[in-house]
Amino acid sequence: MTIKTLSDVEFGAQLPVFAPDTSLENVRRFARAAGWDRPRFTNHEAARAEGLPGALVPGIMSQGFLSAMIHRWAPDAQVTNIDTVFRAPVVVDEVYQISGVVTDIDEEAGSVVIDLTVTNTANETRVFGTATAKLPT
Amino acid sequence: MSLDIEDLKARFLNVDFDEQTFSITAAKLADYAKTCGELAPRYTDPTHADFQAPPTFPSSFNAGRRLPDGFPNLPGMGMDAGKAVTPRLPIRPDTKLIGRSHIHDIYTKSGRSGRMVFIVLRMELYDEAGAHLSSADTSMVIRERPDA
Amino acid sequence: MILDLHTHSIKSDDGRAKVRNYCQWIRSRDIPIDGFVLTEHRQFDAESDYTALAEEFDLTILKASEVETDYGHVLVFGVNDALRAAFDFADIHLSLAGVIDACEQHGAIAVPCHPGRKRVGMAAHLDLLGVPAGVRIVETLNGGSRDGEDAIAQAMARQHDYLGIGGSDAHIVSHIGRCATRFPAPVNSIAELVAALRAGDFAAVSFKTSESDA
């Protein structure tokens, strides 16, 4: 269900989960667009040489995934703040799930707060955070 | 090498140490959005009347310098511990953007082999007319090596 | 009675949850806990008063701390003025022995948390520092654990005859109650919590599901 207005939202509502494209090809394309074309993000061998488990999905890309999830759920949402904590590496070519739940509704401000998480296939949290988004009333 | 955190805060907090100008093409903005899984046309379609950067885009800008002049050398590059963005106004393609950076906070946490030092860098983004477009924080964590 | 013994609010530097939202979440999702303990990082939040919230939502809301020692992070239950004067909660180089000693002297109890976690868990320090004296309880179920951390904690607990508590380590609203601690008798105050922990009659419980793990 896509959300059009604040009144469509219930406390505790789960946003539609999506599996982001963390393939090397997509991450490379992102890195070029962002000006973050560095080996630790675009080359598994080079990343491992730095002591990393493999090429990393940039934190800003994980943040982008979370924001995209909000817009998929509520296309007219205006994200007014998004705050993410990177707990563990998100590795290129591995499978992740992006999820969110509504944990606060401020009718006066016309906004919602959404808990955000990026989890791996073992359901371990790699990135978490919150976003505030204004919705049409 | 052990950083004197209180001294660093007194000397460096909330003092602009860098200014950069940026401009980004519509094609790159659209690519940025699509690779993140955005579907909303105002982020993915440069022909859309309200085409703009996705709200997390300001996080991608880096200051010209990692840290202010006079800041002690840090052991290693540091890892990205988190990012926060407060978008205020839309960022449009092919416009001149001005980013001013300062250290917003410095704090420490314990680690097995020494302290972890967190440095929060904030970039405030403006357009040429001085409109405040966004604030973007990056928390950088550096693992101090124990003193020999 | 079931309490989540390890949670963080916006008072912690990496906490993103408002306490009211925790309460709303517990009730709207029927999270099977009767309350929770706020264990803010490197501080005791003496200012906040959650009495009204606790009454509104019929939950037990207690306050404690998570401090940092040479053996990693430690939950401290039963914080009082005397204990706050005994050591600096903001110090990241506390000695576990000192924290345990101060707790004993001032009616509190110290419980190493996420002991299986690299760098900030007790198990990571045993080789170098030895088995610490005075530890009776550790956190054997932590809602934020990954990569076998709980298994390490449980193995260590078995080896050294530690009792185990559970807590979510929630930093965002939707993570509360993933793990908790079951007590046979009501626990409605910090004094009752400390007494129950000292009595040793409790069990760590997990409510993790494929949904709630996220």
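Thr84(A) has Lys83(B) as its bridge partner in strand E2 of chain B. That bridge belongs to a pairing of strand E1 of chain A (residues 78-86) with E2(B), antiparallel over four bridges. Two strands pair here if DSSP finds at least two bridges between them. Helices (H or I, at least four residues) and strands (E, at least two) are DSSP runs, numbered from the N terminus.

This is a predicted model, in which local features need pLDDT of at least 70 and side-chain atom pairs count only at pLDDT 80 or more, while totals for chains, interfaces and linings use all residues. Residues are numbered from 1 along each chain as its sequence is written, and chains are lettered from A and ligands numbered from 1 in the order in which they are written.

Take the contact between chains A and B as a whole. Chain A gives 29 residues and chain B gives 22; two residues are in contact if their C-beta atoms, placed from the backbone, lie within 7 Å. On the chain B side, H2 and E2 (79-87) each supply at least two residues. E2(B) has the largest share, eight residues. By class, this side of chain B has ten nonpolar, seven polar and five charged residues. Ala, Val, Leu, Ile, Met, Phe, Trp, Tyr, Cys and Pro count as nonpolar, Asp, Glu, Lys and Arg as charged, and the others, Gly among them, as polar.

The axes of H1(A) and H2(B) come within 8 Å and cross at roughly 145 degrees. Axes are lines fitted to C-alpha atoms, for helices over the stretch in contact, with angles from 0 to 180 degrees between N-to-C directions. The crossing is left-handed, meaning that the near helix is turned anticlockwise from the far one by less than a right angle. From H1(A), Asn26(A), Arg29(A), Phe30(A), Ala33(A) and Ala34(A) meet Lys28(B), Asp31(B), Tyr32(B) and Thr35(B) of H2(B). These residues divide into four nonpolar, two polar and three charged.

Which residues of H1(A) are buried? In this helix (residues 24-34) they are Val27(A), Phe30(A), Ala31(A), Ala33(A) and Ala34(A). They lie on the same side of H1(A), because they cover an arc of only 165 degrees around the axis. The arc is that of the directions from the helix axis to the C-beta atoms. A residue is buried if 20 or more other C-beta atoms lie within 10 Å of its own, exposed if 12 or fewer, and partly exposed in between. The cover over these residues includes H2 (39-42) and H4 (59-73) of chain A, together with H2 (26-35) of chain B. Gly35(A) follows H1(A), with a positive phi near 75 degrees.

Now turn to chain C. Strand E4 (residues 72-77) and E5(C) run antiparallel, joined by four bridges. Phe77(C) has Ile109(C) as its bridge partner in E5(C). Both faces of E5(C) (residues 109-112) are covered: Ile109(C) and Val111(C) are buried on one side, Ala110(C) and Pro112(C) on the other.

E8(C) (residues 179-182) pairs antiparallel with E1(C) (residues 2-7) over two bridges. There, Ile2(C) stands opposite Arg182(C). E8(C) is also joined to E9(C) (residues 203-206) by four antiparallel bridges. Cys179(C) has Ser206(C) as its partner in E9(C).

Leu53(C) lies in helix H2 of chain C (residues 51-57). Why does Leu53(C) count as partly exposed? Because it has 16 C-beta neighbours inside 10 Å. Beyond neighbours within four places in sequence, Leu53(C) contacts Val19(C), Arg20(C), Cys23(C) and Ile61(C). Arg20(C) is 33 residues from Leu53(C) in sequence, yet 6.8 Å away in space, C-alpha to C-alpha.
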